[in-house]
Amino acid sequence: MLSVRLTRFLPFPSDTCLAALVYEKEKNPMGVSLAGSPIEKALEIAKKDGFEGKIGQVAIVHGTGRDPSRYLFAGLGPEKEATLESMRRALSALVRQADTYRIKNLALRPALLGGLTPSFQAATEGALLGLYRYTTYKSKEEPASHLQTVHLLIKDASEQREAQKGIDRGLVFADATNFARDLINRPPSDTTPEMMCKAAKSVARPPIKIKVLNKAQIGRLGMGGILGVNRGSGKPPYFIHLTYRPKSPVRRNIALCGKGITFDSGGLSLKPARAMETMKSDMSGAALVIAIFKALAKLKPPVEVQGFAALTENMPGENAMKPGDILKALNGKTIEVLNTDAEGRLILSDTLVYAGRQKPDEIIDVATLTGACVVALGTSIAGLMGTDEKLIHRIKEAAKRAGEKVWEMPLEKSYAPLLKSKIADLKNMGPEREAGTILGGLFLKEFVDPARPWAHIDIASTAFSKDDHPLGPAGGTGVMVRTLLHYILSYQ
Ligand code: BES
Ligand code: ZN
Ligand code: ZN
């Protein structure tokens, strides 16, 4: 495992490679004048070799044998545009490159982009997210990374406290994100509803409590949405309820709901093969709720957080629900199932009602809900909807801090009649493909206690990446773990 440490400036251990973050096209690209120093000369050489300081760009320059014998440079892009996200990406690229050069120890000074704590946090996150790999199923023992330690440099003792706080937070944020990634990347026949419960139990050490409902209990309560979706699967469903209660006075009581479909075949409304390839990721919402609790145990914010997730497969087994079937959700509303592939909203209906009954101050749900969201926003922006402006604003601010992108879509009231059924209260999809993401949101709203602020984040577009991306390899991204942690910490 890669460790990130705080280190006072020079001297470093002799096997440490010095790295520098470099702005594009600046006179003093490292933020300070280093005229005549060996690192300045090394940068000149890197530039001759085509290094420009563009974001994500990395260069190595071998010295003449004196220590440190090589320098690494990573681009931050133009100084005017640089943000904490630029630094996460620079660090991510840097550690990957260092690892391929079999460098064991790397030392660098983070760029100060808005305070010591956020800067050291972002640098730590970039390093740990960038070096993430999922190797559990590789038959040949893959060497853990060559890179062992990233030393983040402080100038003097006055920086120690704030910088260390940033590193500590960065470790917790990145660890939780990578935990969610592991759950998402695991094959769907191994990440079963039962395994997800095990994962939830593994994070439920004091002060975190967990309650797990089994199939019989789900049935007795009347969670007809969950039971309906589960009917085509050979594995029983579970419902998890995690609670974190701080010792300090509670500033806010937040409910987080996650969609936990451990595999979405579409059910009888079967998906085409290509569309199914990534559907092991349909439990990303539940994975990130669990991952957030892993972090809460360490962050200990003065906020009560409750996490809810229904877990089941969506399969076309012989007892599968059929288009035309009618289900009754926990609040008594009846739903005509026209398309068994719109199953996320069916399990979330029960989840949202259950969460509302615990009387939280607000409810946020996260779900890989609609393919339409991928069409609307592409692969790096999540959809955001909700009933409360303040809550939406606060989530947007948290997303900015995390460097994750969300875009608000309207919960257009005049579209709600599209979800009316002739023979039940609601149907689970509109008559056409139009406004698919908004209709998903409007459907969920039917199950939210109107007295409580509510927001819905559709992560269908961002939860899983088919290709390597700036902060990690192809696969589960763990997106929204860090945004929601920032959100929770905003009530400090
Ligand atoms: N899990 C899918 C949504 C999805 C699609 C997530 C692509 C990630 C990538 C969801 O259960 C689904 O299939 N939704 C349907 C709803 C439709 C039938 C109203 C969809 O988007 O096609
Ligand atoms: Zn589906
Ligand atoms: Zn789904």
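**Exercise 1.** Identify the protein donors of the zinc ion (ligand 3) and state which arrangement the donor atoms form.

*Solution.* Donors are N, O and S atoms within 2.8 Å of the metal (3.2 Å for Na, K and Ca); water is not among the atoms, so sites may look incomplete.

Step 1: the arrangement is octahedral because the six donor atoms subtend angles of 78 to 173°. Six donors count as octahedral if opposite donors are over 155 degrees apart and all others between 65 and 115; four count as square planar under these conditions, four count as tetrahedral if all angles lie between 85 and 135 degrees, and anything else is irregular.

Step 2: along the chain, the donors follow the spacing K-x4-D-x17-D-x60-E. The pair Asp264 and Asp282 links distant parts of the chain, 18 residues apart: Asp264 belongs to strand S9, and Asp282 to the loop between helix H8 (273-276) and helix H9 (284-299). Helices (H or I, at least four residues) and strands (E, at least two) are DSSP runs, numbered from the N terminus.

The model is predicted: local features need pLDDT of at least 70, side-chain atom pairs count only at pLDDT 80 or more, and totals for chains, interfaces and linings use all residues. Residues are numbered from 1 along each chain as its sequence is written, chains are lettered from A and ligands numbered from 1 in the order in which they are written, and side-chain values use heavy atoms, with hydrogens and water left out.

**Exercise 2.** Where is Lys259 placed, and is Lys259 buried or exposed?

*Solution.* Step 1: Lys259 lies in strand S9.

Step 1: Lys259 has a relative accessible area of 2% and is therefore buried. Buried means under 20% relative accessible area, exposed over 50%, and partly exposed in between (1.4 Å probe, protein chains only).

Step 2: the side chain of Lys259 makes a polar contact with that of Glu343 at 3.0 Å, and also reaches the backbone oxygen of Thr368 at 2.9 Å. A polar contact is a pair of N or O atoms within 3.5 Å; within protein, one must be able to donate a hydrogen and the other to accept it, and residues adjacent in sequence count only if both atoms are side-chain atoms.

**Exercise 3.** Describe the zinc ion (ligand 2) and which residue coordinates both ions.

Step 3: Asp264 is buried, with a relative accessible area of 3%, whereas Asp341 is partly exposed, with 22%.

**Exercise 4.** Which polar side-chain atoms lie 2.8 Å and 2.9 Å from atoms of ligand 1?

*Solution.* Step 1: a polar side-chain atom of Lys271 lies 2.8 Å from an oxygen atom of ligand 1.

Step 1: for Asp282, a polar side-chain atom lies 2.9 Å from a nitrogen atom of ligand 1.
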